[in-house]
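Reader: Walk me through this model, please. I would like to learn how to read its features one by one.

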Amino acid sequence: MKEERVREKAFLSIFLVLTLLAVGLIALAEKGGVGVPVSIGASPFNMGEIGTSSLVELLREKYGSVYVITNLNELDSIRTSDKCLFVVISPEIPYTTSDSSRIASYLARCAHPLFLIADENSTSNNLLKAIGAQLEIPTIVTYTRGKGLGVVVYVPEKGEYLPAYPLSVFYVNNTRYSLYLDIASYIIIHGGSYTIFGEYTVDTKKYPSGVIAYSNTTFGGQAKEVVAYVLSDGSILLNQVIDRNETYRSFALTLFQSICGEGGCTIIFDGSRYTPIPLTDLKNNLASITPLYVSFPSLLGMIIANLIHPSTWLPPLIDYSNKVFAEILGNHLVTSTLALLFAVLAFVYVSRQEVFVSDKPMSEEKLVEVAYAENILEEIEKGKLKLGREDFKSLYAIVDSVMQSVYGLSLRDEELERRLSLLLGEEKARRYLESMNKLYDKAVGLRRTPIVLSWSRVVTKYVRESEEVLSKVGVSLMRVEIVEKLARS
């Protein structure tokens with residue numbers, strides 16, 4: 001048999017792969033770094049000390065239907081329920097009249113609109129006004145220099161000094177809680193229907209720190225009774241106390257239980273009132289990112305994400321490479337050596353692509369009209385035909401095609417097992433289909449088991465079983481025209 005030179009060509013060269021990779025890296029570098037923001041303040045996204053992420057997770061375990069929004073437009077996608085609770089904790093961006101009306105309109109769709117506003121500043125007053133609560137939280141008190149519980153704060157509106165960390169007593173669900181507030185404000189009550197459930201005392205004067213306001217308000221032509229729980233301090237709901245202090249955690253759960261009951265309550269945390277700071281703005285001053293802003297694992301993850309992004313390391317690498325190549329190309333001896341080396345490598349590469357192989361006859365491909373080879377099963381059983389993995393794949397394809405023609409179902413459809421059970425019995429149908437599918441997956445390399453010692457025996461066995469199964473269906477392998485590649489010994 002004569003030999004021919006056959007040149008093997010790779011359709012996707014390593015050079016092309018590297019080129020595509022380089023284009024992708026450059027595109028990512030030009031797009032810029034990962035814009036991961038650092039959530040600060042009492043944001044539900046802030047996992048640091050002064051965030052409220054722990055409270056959100058605590059409530060999700062109990063109620064399930066807890067949402068955090070980043071934009072008021074997201075309210076439209078949240079399904080309403082019997083009770084809807086809108087939660088605001090120490091917002092940094094004031095609510096405008098328009099914002100407040102938008103929130104009130106959404107809550108009006110619920111049978112029982114509820115609010116929990118924990119704020120030591122005046123940023124929530126427009127929202128209180130929109131829901132008809134005749135309450136007001138004055139501008140945050142200004143505190144004097146000092147540290148610890150001995151610090152005093154000055155209230156400009158009243159010309160009075162108050163403790164920075166007053167001890168407030170709350171009564172929730174007939175339970176008494178004594179909690180320290182953190183540079184808190186107080187609640188001014190202008191009238192209406194209300195219940196005071198928390199207050200602290202300075203000298204002999206009491207300052208409300210927890211008030212429930214009841215109001216009847218009309219939203220979009222619908223008259224609704226609105227209940228608003230108002231706290232003059234958001235610090236008693238922050239991660240720093242929820243994670244470490246059982247009293248504060250119990251207070252938070254009891255408070256939400258008194259508002260929502262045991263279930264059927266949709267809770268929405270407003271995460272749109274805080275301004276996140278992009279990590280790219282802070283990476284040059286990491287000392288400014290304290291545990292108050294973000295937890296260490298989150299910070300580490302954000303830093304790693306930025307470090308591995310091409311925009312961080314690719315531009316400096318390209319600049320350095322340009323300098324190195326400029327110095328190399330300036331040296332004639334080095335350039336001559338590199339040119340010679342490149343020529344040698346190119347010759348070796350091209351030479352390796354020339355492969356000489358013998359021109360061998362192709363595997364015998366035979367069209368078998370089984371209807372005219374009635375003794376094929378006998379030939380297989382006598383070992384006259386050496387069958388292998390490819391023959392099982394062909395057998396599987398034939399049986400699968402028959403099943404789809406008869407039932408419109410493939411061998412992997414669960415419904416086919418039920419159909420065949422009527423003909424073969426439940427156990428036999430299940431075993432046959434399960435074995436055929438497992439062996440096919442083995443044949444195509446999708447699984448390692450079952451272990452097959454002889455594909456010839458396996459094919460012989462399942463040709464016989466398939467003939468039995470198909471005969472029950474009303475079809476015979478003897479009537480199926482197939483193309484087999486027969487490996488002769």
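Author: Start with one helical turn. An α-helix has 3.6 residues a turn, so residues three or four places apart point the same way. This is a predicted model. In its helix H2 (residues 53–63), Glu57 and Arg60 are 3 residues apart, which means about one helical turn lies between them.

Reader: What do the side chains of Glu57 and Arg60 meet in?

Author: Here is the general idea. Side chains of opposite charge can pair when their charged atoms come close. In this case Glu57 and Arg60 meet in a salt bridge, at 3.1 Å from N to O. Glu57 is partly exposed, at 43% relative accessibility. Arg60 is partly exposed too, with a relative accessible area of 33%.

Reader: How many salt bridges does the structure hold?

Author: The count is 17. Take another one. Glu199 pairs with Lys206, and their closest N and O atoms are 4.0 Å apart. Glu199 is partly exposed at 28% relative accessibility. Lys206 has a relative accessible area of 52% and counts as exposed.

Reader: Which helix holds Lys438 and Glu434, and how many residues apart are they?

Author: Both sit in helix H14 (residues 426–443). They are 4 residues apart, so about one helical turn separates them. Lys438 is partly exposed, with a relative accessible area of 32%. Glu434 is partly exposed at 37%. The pair also belongs to a network: salt bridges with shared partners join Glu427, Arg430, Glu434 and Lys438.

Reader: Now burial. Which residues of helix H3 are buried?

Author: Use the cut-off: buried means under 20% relative accessible area. In H3 (residues 97–107), the buried residues are Asp99, Ser100, Ile103, Ala104, Tyr106 and Leu107. Look down the axis of H3. The buried residues fall within an arc of 160°, so they line one face of the helix.

Reader: Which residues are exposed on the other side of H3?

Author: Thr97 and Ser98 are exposed there. The cut-off for exposed is over 50%.

Reader: Next, a sheet. In what order do strands E7, E8 and E9 lie, and is the pairing parallel or antiparallel?

Author: Read the order across the sheet. The 3 strands run E7-E8-E9 in an open sheet, and the pairing is antiparallel. Strand E7 (142–143) and strand E9 (160–163) stand at the edges. Each has a single partner strand, so one side of each is left without a neighbour in the sheet.

Reader: How many bridges join E7 to E8?

Author: There are 2 bridges between E7 and strand E8 (residues 152–155), and the two strands run antiparallel. For a residue pair, find Tyr143: Val153 in E8 stands opposite.

Reader: Which residues line the second largest cavity?

Author: The lining is Gly132, Ala133, Gln134, Leu135, Gly191, Gly192, Ser193, Tyr194, Ala213 and Tyr214. Strand E13 (193–202) and strand E14 (205–219) are the elements that give two or more residues to this lining.

Reader: How do the lining residues of the second largest cavity divide into nonpolar, polar and charged?

Author: They divide into 5 nonpolar, 5 polar and no charged residues.

Note on methods
Residues are numbered from 1 along each chain as its sequence is written. This is a predicted model: local features need pLDDT of at least 70, side-chain atom pairs count only at pLDDT 80 or more; totals for chains, interfaces and linings use all residues. Side-chain values use heavy atoms; hydrogens and water are left out. Buried means under 20% relative accessible area, exposed over 50%, partly exposed in between (1.4 Å probe, protein chains only). The arc is that of the directions from the helix axis to the C-beta atoms. Two strands pair if DSSP finds at least two bridges between them. On a 1 Å grid over the protein atoms alone, a cavity is a set of points where a 1.4 Å probe fits but cannot get out, and a pocket is an open set with protein on both sides within 12 Å along at least five of seven lines; lining residues have an atom within 4 Å of a point. Ala, Val, Leu, Ile, Met, Phe, Trp, Tyr, Cys and Pro count as nonpolar, Asp, Glu, Lys and Arg as charged, and the others, Gly among them, as polar.
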